Amino acid sequence: MQADTYPSSPRVVIIGCGSWGTALATVLSHSASNITLIGRNPEVITDINSAHRNERYLPGAELDPSITASEDLAVACEADLILFVVPSSATRATAEHLATLKLKPQAILMACSKGIERGSGHRMSEIISEILPAHQLSVLSGPNHAEEVSRGLATTTVIGSRDEEARSYLQRLFTSPAFRSYTSTDLTGMEWGGAIKNVFAIASGIATGLGLGDNATAGLVTRGLAEMIRLGTALGGRPDTFIGLSGVGDLIATCYSHHSRNFRAGICIGKGHTVAQTLDEVGMVVEGIPNCQSIYEVARSTGVRTPLIDAVHSVLYEDKPAAEVLQELLTRAPRPETES
């Protein structure tokens with residue numbers, strides 16, 4: 001399909017009324033003819049439709065009147081572009097529901113959630129393509145905090161697709177004076193980078209919660225990048241993807257920012273809170289917690305050495321004290337910084 005056969009001003013459906021789904025609606029409001037957010041919370045839907053706000057998930061953001069919300073997923077039948085912005089654990093069920101509907105044959109599907117399915121080890125785009133194989137597939141990932149995107153602050157992201165025309169088309173839709181999009185063909189690297197960095201953001205938060213300084217955090221983030229590249233390339237990603245926006249860019253933004261739920265969750269855990277207490281305090285999905293388990297399992301199956309992922313897993317799922325785990329990391333056998 002040629003780029004000029006896609007509608008210049010598409011109808012967009014965004015599945016997920018959370019902060020990121022709402023922020024992406026604001027990005028697309030300049031290029032889409034119609035945008036519908038799909039959600040489950042009646043109060044959020046009413047707020048979007050009546051007040052043009054989403055105070056539950058994105059307080060203070062004013063939404064364009066062209067952005068509406070609905071509980072009815074059947075609205076997706078009229079969409080030219082469908083964004084998956086649900087928790088990663090809900091991606092399969094969402095795709096299965098869409099598969100029962102009569103979508104437009106040319107509708108593009110875009111994975112915007114960052115996670116790995118437990119058991120299968122599949123990336124979000126792999127799940128979607130497995131269930132809806134006839135549709136053009138794409139991925140969006142990068143250092144993108146919803147709070148800043150919704151305020152029109154300068155942001156960069158990566159659009160991934162293996163189809164040249166689709167990449168060009170989506171790049172145009174997702175580019176504005178404040179939102180700059182780059183393109184990639186490496187969906188594998190983009191999605192593994194986006195998922196793995198959430199685990200390291202929890203580790204960074206734990207270090208902050210324990211009262212460690214900038215030196216410790218810088219070391220942790222740098223070694224996390226090395227681990228991301230080691231595991232991600234073993235799983236088929238390209239090394240240059242991990243040193244780009246969807247890799248190290250996302251890693252930096254997530255490991256240092258209080259906008260990051262994963263970072264905030266790590267701080268709570270570092271201060272001695274349980275995982276259950278932490279989730280209650282954050283109040284929204286913390287993707288790094290369930291995905292730490294799925295990523296840990298994939299890493300073990302590949303045989304790749306992942307000491308930081310292992311450490312976070314031991315804190316979250318083996319009830320090891322964070323301070324003890326940190327001491328174990330620091331007292332491991334010395335080794336060269338780079339691997340031959």
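Predicted model: local features only at pLDDT ≥ 70, side-chain atom pairs only at ≥ 80, totals over all residues.
# Pockets, cavities and contacts

Student: How much space lies in the largest pocket, and which residues are closest to its centre?

Tutor: The largest pocket holds about 1,200 Å³. Its lining has 45 residues, with Gly18, Val85, Val86, Pro87 and Arg261 closest to the centre. The lining is made up of 18 nonpolar, 18 polar and nine charged residues.

Student: How do you know which domains contribute to the lining of the largest pocket?

Tutor: Domain 1 (11-185) and domain 2 (188-331) each provide at least three of its lining residues. Among the elements that supply at least two residues are helix H1 (19-28), helix H3 (91-99) and helix H11 (261-270).

Student: Is H1 mostly covered or mostly uncovered?

Tutor: H1 is mostly covered, with ten of its ten residues buried. Trp20, Leu24 and Leu28 are among them. The term buried applies under 20% relative accessible area.

Student: What makes up the lining of the largest cavity, by class?

Tutor: It has 13 nonpolar residues, no polar and no charged ones. Ala203, Ile206, Leu220, Val325 and Leu329 lie nearest the centre of this cavity. Helix H7 (187-209), helix H14 (307-317) and helix H15 (322-330) each supply at least two residues of its lining.

Student: And what classes of residue line the second largest cavity?

Tutor: Six are nonpolar, four polar and two charged. Lys114 and Glu191 are among the lining residues, and Lys and Glu count as charged. Strand E6 (136-141) and H7 each give at least two residues to the lining of the second largest cavity, and domain 1 (11-185) and domain 2 (188-331) each give at least three.

Student: How many aromatic pairs are counted?

Tutor: One.

Student: Why is the pair of Tyr6 and Tyr169 called stacked?

Tutor: Ring centres must lie within 6.5 Å for a pair, and planes under 30 degrees apart count as stacked. The centres of Tyr6 and Tyr169 are 4.5 Å apart and their planes meet at 20°, so the pair is stacked.

Student: Why is this pair said to tie together separate parts of the chain?

Tutor: Tyr6 belongs to the segment before strand E1 (11-15) and Tyr169 to helix H6 (residues 164-173), so the pair joins parts that are 163 residues apart in sequence. Both Tyr6 and Tyr169 are buried.

Student: What makes Arg56 count as lying over the face of Tyr57?

Tutor: For Arg, CZ must be within 6 Å of the ring centre and within 35 degrees of the ring normal. Arg56 is at 4.5 Å from the ring centre of Tyr57 and lies over its face. Arg300 lies over the face of Tyr296, at 5.3 Å from the ring centre.

Student: Why is Asp319 called exposed?

Tutor: Exposed means over 50% relative accessible area. Asp319 has 70%, so it counts as exposed. Asp319 is placed in the loop between H14 and H15, and its phi is near 60°, a positive value in a residue other than glycine.

Student: How do you know the class of Ser129?

Tutor: Its relative accessibility is 31%, so Ser129 counts as partly exposed. Ser129 is part of helix H4 (residues 124-131).

Definitions and conventions. Residues numbered from 1 in each chain as written. Heavy atoms only, no water. 1 Å grid on protein atoms, 1.4 Å probe; cavity = no way out; pocket = protein on both sides within 12 Å on 5 of 7 lines; lining within 4 Å. Helix = DSSP H or I, 4+ residues; strand = E, 2+ residues; numbered from the N terminus. Domains from an automatic or database assignment. Phe/Tyr/Trp six-rings, centres within 6.5 Å; stacked < 30°, edge-to-face > 60°. Buried < 20%, exposed > 50% of the residue type's maximum accessible area, 1.4 Å probe, protein only. Points joined across faces, edges and corners; volume = space filled by probe spheres on them.
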